[in-house]
Amino acid sequence: MSDAERAGGLPVEGVPAERVLDEIRGLRALDRPTHGGRLFAYVYDPGVAGLDELAQAAYAESAHVNGLDPTAFPSLLAMENALVGAAAGLLGGGPGTSAPDVVGSVTSGGTESLILAVKAARDARPELTEPRLVVPVSAHAAFAKAAHYLGVALDPVAVDPVTLRPAVQDVAAAIRPETVLVACSAPAYAHGVVDPVAQIAAVAAAAGVRCHVDACFGGWTLPWLRRLGAPVPPFDFAVDGVTSISVDLHKYAYAPKGVSVLLHRNAALRAPQFFAYADWPGYTMVNPVIASTRSGGPIAAAYATLRHLGEDGYLELARRTRDAVTGLADAVRGTDGLRLMAEPESTVVCFTADDPGLDLFVLVDELTARGWHTQPQLSYAGLPASVHLTVTAAVAPRVVEFAPALAEAVAATRAAGPVVLPPELLALAGTLTPEALTPELIAGLAAGLGLGAGAGDTDGPAAPVPDRMAVVNTLLDAAPVRLRERLLTEFVSLLQRPAW
Ligand SMILES: *Cc1c(COP(=O)(O)O)cnc(C)c1O
């Protein structure tokens with residue numbers, strides 16, 4: 001074969017199985033550790049021995065099965081119905097409840113669940129040419145994505161800088177005749193605060209508008225925490241006016257990635273979520289969710305995880321998580337210069353700095369350098385920058401090590417001092433409009449920050465990703481929202497280049 005005939009990215013001769021797996025393991029070694037209880041974002045680890053192996057075996061069993069057609073593969077339909085039943089039962093639906101007719105769909109994740117909740121609400125009101133969506137600014141970014149994808153206008157409602165919740169009268173005031181959906185969170189991801197769901201659902205119902213509760217994060221923890229005695233306010237189908245709820249099984253149900261559930265109070269509310277098409281010569285098509293072909297792997301893995309852990313298992317994991325949250329929050333409270341953004345009411349610990357000598361973005365890097373992976377959050381609309389910790393059960397045995405590590409990282413952060421950007425760069429970040437950003441300027445910025453430059457020139461598939469992010473975060477923090485978005489897009493575009 002001449003070079004011209006070669007596909008490029010593919011090896012000419014197939015690579016033996018063991019070597020391919022070695023390649024993957026080599027790449028995985030660069031990743032953040034998914035186990036060990038020191039990663040506070042992206043990965044949800046129960047720390048239960050044997051659970052990974054079970055989920056992997058279940059995944060393999062169904063990986064090639066296609067969720068496209070439930071009549072061809074009834075195994076997936078059965079497992080999906082079991083997942084929906086479990087989620088509905090946990091969230092105030094099912095026989096004997098005030099939501100006996102609840103139905104649902106299994107989606108690929110929280111984002112898909114939210115997009116479909118917005119789609120169902122939009123398509124239930126076909127007479128509206130300019131449908132609108134009301135959400136607190138603390139709601140997940142996926143609502144903005146849904147609005148963008150679906151041509152729905154977004155009406156954000158401010159949150160109080162102290163309670164981090166929207167005022168119910170502000171939600172009510174944002175509802176217009178074109179509003180198809182009001183959404184709220186239980187809890188919102190960033191600070192872990194539960195919105196006043198009952199009051200928001202009441203004003204939505206009074207206006208005849210659907211109300212979605214985004215419990216992607218908390219839907220699988222709040223019910224267990226409540227059983228353990230936590231003062232969890234009503235947030236599920238027990239609340240009149242709540243028409244749909246999303247809950248991610250790949251978060252606190254501890255299933256491998258790719259599974260969320262979207263519940264509706266009844267089938268009529270769900271109907272406009274579906275897409276059916278018979279106006280082509282191929283197979284008759286009906287898709288309850290966005291994807292058409294869908295792997296059975298994630299569904300089977302979630303099914304196995306839920307069945308294996310059971311109520312007792314989840315209750316015990318919630319207990320461990322709650323104790324870990326308490327311990328981490330105590331460590332933050334005991335640290336001069338740090339303050340909790342909110343008293344933990346779910347499984348998030350979120351803190352900010354109230355001392356200018358303590359740069360949070362440097363602190364995040366210092367914690368990373370010590371093996372603790374936290375998530376920085378930029379300042380936004382009067383809310384200060386913060387550090388987010390998603391706490392899972394696997395953190396519990398590590399908690400005693402956190403306070404000393406935090407103290408050390410804080411000392412190192414103070415010693416290093418805050419990031420100081422060159423004044424020209426700061427001025428640029430504050431005034432530059434996204435439109436004025438040229439490719440040259442971006443490349444210059446990236447190179448100046450030691451980022452991404454030449455990311456496409458590596459010979460291996462591993463792109464270089466910087467390990468110190470404080471300078472980047474400081475620059476982003478200084479930029480207005482639209483410029484942040486543009487810089488992030490350009491940065492990831494530099495990373496995403498074909499490997500030859
Ligand atoms: C994670 C999350 C989402 C988005 O879920 P993905 O699975 O990442 O798409 C939406 N809402 C909340 C509250 C979340 O925590």
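## Ligand surroundings

An N or O atom in the side chain of Asp-248 lies 3.3 Å from an oxygen atom of the ligand. The model is predicted. For His-250, the distance from a side-chain N or O atom to an oxygen atom of the ligand is 2.8 Å. Asp-214 places a polar side-chain atom 2.6 Å from a nitrogen atom of the ligand.

## The seven-stranded sheet

An open sheet of seven strands has the order S1-S7-S6-S5-S4-S2-S3, with mixed pairing. Its edges are formed by S1 and strand S3 (153–157), each of which pairs on one side only. From one strand to the next, the twist averages 20°. Helix H4 (residues 110–123) packs on this sheet and touches S1, S2, strand S4 (179–185), strand S5 (210–214), strand S6 (244–248) and S7. The direction of H4 makes about 25° with that of S7.

Both senses of pairing can be illustrated. Strand S2 (residues 132–136) is parallel to S3, and five bridges connect the two; Pro-136 is found opposite Val-157 in S3. S1 and strand S7 (residues 260–264), by contrast, run antiparallel and are joined by five bridges, with Ser-105 opposite Leu-262 in S7.

## Burial of strand S1

Is strand S1 (residues 103–107) largely enclosed or open, and why? Buried here means under 20% relative accessible area. Five of the five residues of S1 are buried, so the strand is largely enclosed by the rest of the structure.

In a regular strand the side chains alternate between the two faces of the sheet.

## The four-stranded sheet

A further open sheet has four strands in the order S10-S11-S13-S12, and its pairing is antiparallel. Strand S10 (338–340) and strand S12 (375–377) are the edge strands, each pairing on one side only. On average, neighbouring strands of this sheet are turned by 30° against each other, direction ignored.

Three bridges link S12 and strand S13 (residues 386–390) in the antiparallel sense, and Gln-375 is opposite His-388 in S13. Helix H11 (residues 360–369) lies across S10, strand S11 (348–353), S12 and S13. The angle between H11 and S11 is about 130°.

## Two buried residues

Val-239 is located in the loop between helix H8 (222–227) and S6. The relative accessible area of Val-239 is 7%, so this residue is buried. Apart from neighbours within four places in sequence, Val-239 contacts Val-197, Ala-198, Ala-201, Pro-234 and Arg-265. Val-239 and Ala-99 are separated by 140 residues in sequence, and their C-alpha atoms are 9.5 Å apart.

Thr-474 belongs to helix H15 (residues 470–478). Its relative accessibility is 15%, and Thr-474 therefore counts as buried. When residues up to four places away in sequence are not counted, Thr-474 touches Phe-361, Val-419 and Leu-421.

Technical notes
Residues numbered from 1 in each chain as written. Predicted model: local features only at pLDDT ≥ 70, side-chain atom pairs only at ≥ 80, totals over all residues. Heavy atoms only, no water. Buried < 20%, exposed > 50% of the residue type's maximum accessible area, 1.4 Å probe, protein only. Pairing = 2+ DSSP bridges. Axes fitted to C-alpha atoms, helices over the stretch in contact; angles between N-to-C directions. Contact = heavy atoms within 4.5 Å. Polar contact = N/O pair within 3.5 Å; in protein donor to acceptor, adjacent residues only side chain to side chain.
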